[in-house]
Amino acid sequence: MEVRSGRTVRDLRRENRAAVLQRLYFDGPSSRFALGPATGLSSGSVSNVVAELVAEGLVEEAGSIDSAGGRPRTLLRVRPDSHYMIGIDIGETRVRIELLDLTLTELARVEKPLAADGPRRVDRYDVGVVVEHLRTGVAEVLDRSRIATDRLLGVGIGVPGIVAEAPGEGAVVHGQTIGWNAVPLERLLRESVRLPEDVPYYIDNGARTLGQAEMWFGAGRGARSAVVVLFGSGVGACVVTDDLGQGRAVEWGHLTVRVRGRRCRCGALGCLEAYAGAEALLERWREAGGRPLADADEETALTAMLTAAYPEDGADGAGAEPDATALAVLEETAEYLGAGFSDLINLFQPERILVGGWAGLQLGARFLDSVRAYATSYALDHPAAHVRIGLGMLGPDAVTVGAAALPLAGFFARGGRQVEAGPRETAPAWRTALRGRAAQ
């Protein structure tokens, strides 16, 4: 049966269920009475939807509140243990796999270090090694939690690279900086990870999953436009505006900031990433005469550099002299990042720029003050006066949380129902849910 708008009754029921679920999920416990004006549904529609969701175990009672002159009103909430998601961050130094419930409470975690055994950096990202980490890691988190896989909404994965869809392959990753050329990651996972065929995979750029997490649950909440920057070994960004409500990953790290400049790991000359990524930062310190820790991973080496530059911040730093070389490299890096931020300000005129990623979190507020000053000096006055630059709120798990939000968005798009028609679901459905939430 169709209604005048062209939507079927089934479509309307799904949309009504999605409206109630999202309101309860993002705004906390609510009564049936309050859900009506909050969702725009009639009291009868709310009652019908709530009855269905309670019967299916998706919604449960959560106490009561007094009402004006009547009986107390029962509060409702989404039941945390009704379903689960797996979020995965294929990062620059490790693969992180987390199992979370519907409230994004972590139930189990596995981390697999990515250590280069060969002479080339890309050896760290050998596709076979990464897929094996994912295969064993997913099995471990499921075994530790002992949940039934029929309650798994899906597996969300943040990757370093551009993600495209290919017929017969699903999600394919183009990660030039890590040596991935059209890697059919979704097909490889379906062939190796032991999950039911109807469990969907959602694979997206890591900067975009970071942005999604901060916009839904972190420092981006309430903003109509924002750029969320992922600052790690390299740099990337996710742009969220009225036109790009669901967010779009942009290869910001590969904007040219210096003609015929340093060679970037992508192969080009003068990219921002060649100056501002943590890998390049440490290399520039070494070239300037600094002494990064030998045989240490990038996170440990960056910590040592910051301790050398800012000894007063360390536990044993009282009275120690700052490393002038490390300070000079960090200040130059702040200027490059500030210039990169000014491009984002001038191009997108966002309300907020939020910095995340392991290197961004390590550098923290002290370093961000210099970046902010350079950004506003290079940007146009009007957009620079209306942007707020700060750190993300979700810490090192932000990419993983954002990845887990992808199957959650698909769940909302289906009105709280699991995938029924095979392992693939169309991207527009769950991307529409992301866009709708970002606009609220």
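Which strand does Gly175 lie in? Gly175 belongs to strand β9, which covers residues 170–175. The model is predicted. The protein has 440 residues, and 51% of them count as buried. Its secondary structure comprises 14 helices and 16 strands. Among contacts between residues at least 6 apart in sequence, 62% join residues at least 24 apart.

- Gly175 is buried, because its relative accessible area is 1%, and buried means under 20%.
- Beyond its neighbours within four places in sequence, Gly175 is in contact with Pro160, Gly161 and Trp180.
- Val163 is 12 residues from Gly175 along the chain. The C-alpha atoms of Gly175 and Val163 are separated by 8.5 Å.

**Helix α1 and its partners**

- Two packed helices are described by the angle between their axes and the distance between the axes.
- Helix α1 spans residues 9–27, and helix α13 spans residues 398–413. The two pack at an angle of about 135°, with their axes 8 Å apart.
- That angle makes α1 oblique to α13.
- On the α1 side, the residues that meet α13 are Arg14, Ala18, Leu21, Gln22, Tyr25 and Phe26. On the α13 side they are Leu408, Phe412 and Ala413.
- By class, the contact of α1 with α13 has seven nonpolar residues, one polar and one charged.
- Helix α1 also packs with helix α3, residues 43–55. Here the angle is about 75°, and the axes are 10 Å apart.
- Helices α1 and α3 are therefore roughly perpendicular to each other.
- In this pairing, Arg13, Asn16, Arg17, Val20 and Leu21 of α1 meet Val49, Val50, Glu52 and Leu53 of α3.
- The contact of α1 with α3 has five nonpolar, one polar and three charged residues.
- Leu21 of α1 takes part in the contact with α13 and in the contact with α3.

- Helix α9 runs over residues 298–309 and has 12 residues.
- From its first C-alpha to its last, α9 reaches 16 Å, close to the 16 Å expected at 1.5 Å a residue.
- Which residues of α9 are buried? They are Glu298, Glu299, Ala301, Leu302, Met305, Leu306 and Ala309.
- Seen down the axis of α9, these buried residues fall within an arc of 160°, so they line one face of the helix.
- An α-helix has 3.6 residues a turn, so residues three or four places apart point the same way.

**Helix α9 against helix α10**

- Helices α9 and α10 pack at an angle of about 110°, with their axes 8 Å apart.
- That makes α9 roughly perpendicular to α10.
- Met305, Leu306 and Ala309 in α9 meet Ala326, Leu327, Val329 and Leu330 in α10.
- By class, this contact of α9 with α10 has seven nonpolar residues, with no polar and no charged ones.
- Met305, Leu306 and Ala309 are also among the buried residues of α9.

- Met393 is found in the loop between β16 (388–391) and α13.
- Is Met393 buried or exposed? Met393 is exposed, because its relative accessible area is 59%, and exposed means over 50%.
- Leaving out residues up to four places away in sequence, Met393 touches Glu214, Gly218 and Ala219.
- Ala219 is 174 residues from Met393 along the chain, and the C-alpha atoms of the two are separated by 5.5 Å.

**Loop residues with positive phi**

- Most residues other than glycine have a negative phi.
- Arg146 has a positive phi, near 60°, and is not a glycine.
- Arg146 is found in the loop between α4 (127–145) and β7 (152–159).
- Arg146 is exposed, with a relative accessible area of 71%.
- Gln349 also has a positive phi, of about 45°, although it is not a glycine.
- The loop that holds Gln349 lies between α10 and β15 (352–356).

Technical notes
Residues are numbered from 1 along each chain as its sequence is written. This is a predicted model: local features need pLDDT of at least 70, side-chain atom pairs count only at pLDDT 80 or more; totals for chains, interfaces and linings use all residues. Side-chain values use heavy atoms; hydrogens and water are left out. Axes are lines fitted to C-alpha atoms, for helices over the stretch in contact, and angles run from 0 to 180 degrees between N-to-C directions. Helices (H or I, at least four residues) and strands (E, at least two) are DSSP runs, numbered from the N terminus. Angles under 35 degrees count as roughly parallel, over 145 as roughly antiparallel, 65 to 115 as roughly perpendicular and the rest as oblique. Contact means heavy atoms within 4.5 Å. Ala, Val, Leu, Ile, Met, Phe, Trp, Tyr, Cys and Pro count as nonpolar, Asp, Glu, Lys and Arg as charged, and the others, Gly among them, as polar. The expected span of a helix is 1.5 Å times one less than its number of residues. Buried means under 20% relative accessible area, exposed over 50%, partly exposed in between (1.4 Å probe, protein chains only). The arc is that of the directions from the helix axis to the C-beta atoms.
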